[in-house]
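Have the structure open as you read.

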Protein chains: 2
Amino acid sequence: MSDASVITVDQYFANREGFINDERSLRREHARLSALSEAEARADRVVRQIRATEAQTIWSAENDAVPHPFPGMEFLTSRDIIVKTKLFNILTKMPKGALLHGHLDAMVNPRTLLKLALEQPAMHVRTPNTLNAASIKRTLPEFSPLPKEEWSPLTCLTHDSYMPGEWVPIQKARESFDPNLGGPEGFDNWVIGCLTINPAEAYVTHKTTDKIWAKFTSTFRVASGLILYEPIWYPYIKEFFHASIDDGISYIEARINFGYKTMCNAEGHNIVPAREWVREFGRAIRDVRREMKEKGREDEFLGARIIYTTIRRYTPDEMEWYLEECLALKQEFPDIIAGFDLVGHEDSLHPLIYYIPQLLRFQERQKELGIHVPFIFHAGETLGDGTPADVNLYDAILLGTKRIGHGFSLAKHPKLMQICKEKRIAIEMCPISNEILRLTSSMPMHPLPIIVNHGIPVALCSDDPAVFGNMGLSFDYFQVLVSSEISGLTTLGQIARDSLEHSTLEGEDKARALAVWEKRWQDFCKEVVALDT
Amino acid sequence: MSDASVITVDQYFANREGFINDERSLRREHARLSALSEAEARADRVVRQIRATEAQTIWSAENDAVPHPFPGMEFLTSRDIIVKTKLFNILTKMPKGALLHGHLDAMVNPRTLLKLALEQPAMHVRTPNTLNAASIKRTLPEFSPLPKEEWSPLTCLTHDSYMPGEWVPIQKARESFDPNLGGPEGFDNWVIGCLTINPAEAYVTHKTTDKIWAKFTSTFRVASGLILYEPIWYPYIKEFFHASIDDGISYIEARINFGYKTMCNAEGHNIVPAREWVREFGRAIRDVRREMKEKGREDEFLGARIIYTTIRRYTPDEMEWYLEECLALKQEFPDIIAGFDLVGHEDSLHPLIYYIPQLLRFQERQKELGIHVPFIFHAGETLGDGTPADVNLYDAILLGTKRIGHGFSLAKHPKLMQICKEKRIAIEMCPISNEILRLTSSMPMHPLPIIVNHGIPVALCSDDPAVFGNMGLSFDYFQVLVSSEISGLTTLGQIARDSLEHSTLEGEDKARALAVWEKRWQDFCKEVVALDT
């Protein structure tokens, strides 16, 4: 390059093309670019054209409700704009492949979850203080089904006579909710508000990662009282599967938090062990597959698995208990248990290093039992550089993690990126989650393009869509597409393909999943091309 | 790593240390870590300790004026907190080495610049509309010295009789400034507000890169009327040098925008050509060096050079004119002209590719003339991925750039990072500038740790401190230090050393600069250690 001065303009342009292409060839979709079907190539062009047009029209227009909109801006502020774009509409129809990083307790639209709960006469609600206009914004409801003999005769949560801590049946609490607090609709909005993060919370009130995590964690406390109830658990999982299928997701590996150890049975007794949770999960898979087959749509749902998780808050001894439970479940449900992971705020809870003896022992035990439960660890979901949460990336890789959950700080690790590329350790990237939890302020600032340009496999994930409002995967794909000029529909296709490629599916199952996806992808591309004619 | 399960806990920890160290060894300060002087090693520990303490005290305390403060947060909001920290106080005393990326028209405290202007009877001011409480926020002053025969008899800018576009002597305009607009102090605040970006503009009103650039650019229009006047030019440059020296900067390569072609002479005629600008710059260097020598502080200022710049807005033909002027200046002032660059908003103005024939010709001309004027290009000061501004990085490197200005998007380029590392192309990183211009929302989100961890040389720079309020380099070093656990004082020392190493100094000059810096560094470390005892 120090000889640049002796070359002609033509030579310069020729060198330049090779130089850029040399780097672009690292990207995972690159090899395919020269072998695209006609439909794929045209669909990619159509999508780029629509993106360019909408950047000029929708995203450059000043907007009363959203000052200075731009593609990839804060999701909660721009969601109403996104859903009106042609681009988003196209992506809702895209076959997404696998959803590999989603926490089960945040996978169903909260209004649907509330509706499921309102059908249950045993479900009760209480508050730790009296509710009024001043207190409602900081008061969380606690939900629990109660055994029939404990059903409450109370009828109102907001009456002067209500004593904090007293249970009220959920339906009655809703019906009698103080009209000054909005009546039944006010009840719904209050509960939904406690299950979700709103724009003011993410972008004004809480703003920093640490603060917003407190609100984020509280949504799970509220949701668990509703979900961990056998009569809700099964329809909740089916709802999750159906909504995912409607968004083009054909296979799922869901993280389930087994920290609570038991859930309530139909009679309201908190005695249902994890193996029943898993059994019901299996029943939901079979039933949804049968339903899809009956509709002639069996190719749209290939199944689901569970990544056993517990919270990185326990002592090493407690952790050992969970690890043993995970092994027992794997033995009983070898086709359903897909891996093991720790969840919770990496910046403030225990790093992987805290559990090394237990995690190594877990691997030894697998050898003894002749089973395989891969680690699929969260790591590097942090802004830190050299902090314990960031250093989790080293331990995840040393422990042989199959994929990395988030890997937000991976871009800071040249050697680890190289290893991920060589060993095909896919990164479960959750851009909207990261943005709402304030690791990034917008998509153009997100490290995803760094990972993609390095050629590291990416599986795009929604993380906790019930809390963030990014149901399905269409929103996450949208955010990726609008924040890179290099990426196009072909890139999204590669990410979808990689989600199946890096799932725990193996052998014929994986081959079938990929073949089925490939066929749907070509059909989808034809549909996109048809838009142009 | 797939054999992780057969190892013992002790083996794991041993492997882990080597594994982490293997990656850390890429960092440029790594080789030094095992050979630190006792003072350096202790100073590094002292600084880490103070950082940890202040993270818990100053940055974790809720603060009425600054909600949710955290280390590395928005600079304009946190500046008042930063200046009170012990850490910042230490860094003001650190020998910084070279300042390699600073635009001359934004290098002097705007209050000082205004004071220089108020001493000039020829300096006039006008506005394009009448000033009142409603209009003042969106009205920019225009400054210009006038020839004596054109000096204005008007005495007030804010009187009802003022007609937009009429010149008023600056001193009179200030004295008679409407008391309802704050009187003389209101005049000062108005002018300063037009020369700087305030927190509300950066973080509320403008917020996105495109919007804040409009405000940013306007500050240069205002400042140019004051600076491009020979009686101000020379003291302005001296002020810049002295303030830099006070902050520990010992050598400077300043970018000067020669786009205007001429400045006003003492008599107010706009006829002073670029060669006189450079000559006066040279006089300021000599005078400041002499002054420093007289104070027995000659080691604190080794000199300064000019990177010739013009705006990436001109036609290729116009650009050729500037390139020729740059060559002529290099021939006349071989020790002062250090390189060539294009400035202005990369996202909206012309990319390097637009000027390839002219830039290649510039290199040929150098061969003909037997001189060397390296390119030192701005490139990748953008959030884009594959946009023309991002692609500037390829052209900068293909054209043999000596360093890269900003390189904000470099982290998205694995091959280019490798080249920068191998060919020692230093990145002039300007973290506070990037944050205020909304490429990043805070320092923990800034790509600097990625570049540092890859082992690419970094020169830390202030860019436009008069506009941003980050005078000197102490603020930028502070922001870097508080947003990485890996980085410590040793890292900052390496960055300072690299600024000299990657300057255009050569041979004995460079050796002397490094030796002088090394001595000052050791003294500084001893000072830091003394804080601890």
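In chain B of this predicted model, helix 4 (residues 75–82) packs against helix 20 (residues 474–482) at an angle of about 95 degrees, with the axes 12 Å apart. Helices here are DSSP runs of H or I with at least four residues, strands are E runs of at least two, and both are numbered from the N terminus. Axes are lines fitted to C-alpha atoms, for helices over the stretch in contact, and angles run from 0 to 180 degrees between N-to-C directions. Helix 4 of chain B and helix 20 of chain B are therefore roughly perpendicular, a label for angles of 65 to 115 degrees. On one side sit B:F75, B:R79 and B:I82, meeting B:F475, B:F478 and B:Q479 on the other; contact means heavy atoms within 4.5 Å.

Over in chain A, there's an open sheet of 3 strands in the order 3-2-4, paired antiparallel; a pair needs at least two DSSP bridges. Strand 3 (142–145) and strand 4 (168–169) of chain A are at the edges with a single partner strand each, so one side of each has no neighbour in the sheet. Strand 2 (residues 123–126) of chain A pairs with strand 3 of chain A over 4 bridges, and A:V125 stands opposite A:F143.

As for the chains, a rotation of 180 degrees with 0.0 Å of shift along its axis puts chain B on chain A (RMSD 0.0 Å), by least squares on C-alpha atoms of residues with pLDDT of at least 70 in both. That's the relation of a two-fold axis.

Residues are numbered from 1 along each chain as its sequence is written, and chains are lettered from A in the order written. Local features need pLDDT of at least 70, side-chain atom pairs count only at pLDDT 80 or more, totals for chains, interfaces and linings use all residues, and side-chain values use heavy atoms, leaving out hydrogens and water.

Notes:
Angles under 35 degrees count as roughly parallel, over 145 as roughly antiparallel, 65 to 115 as roughly perpendicular and the rest as oblique.
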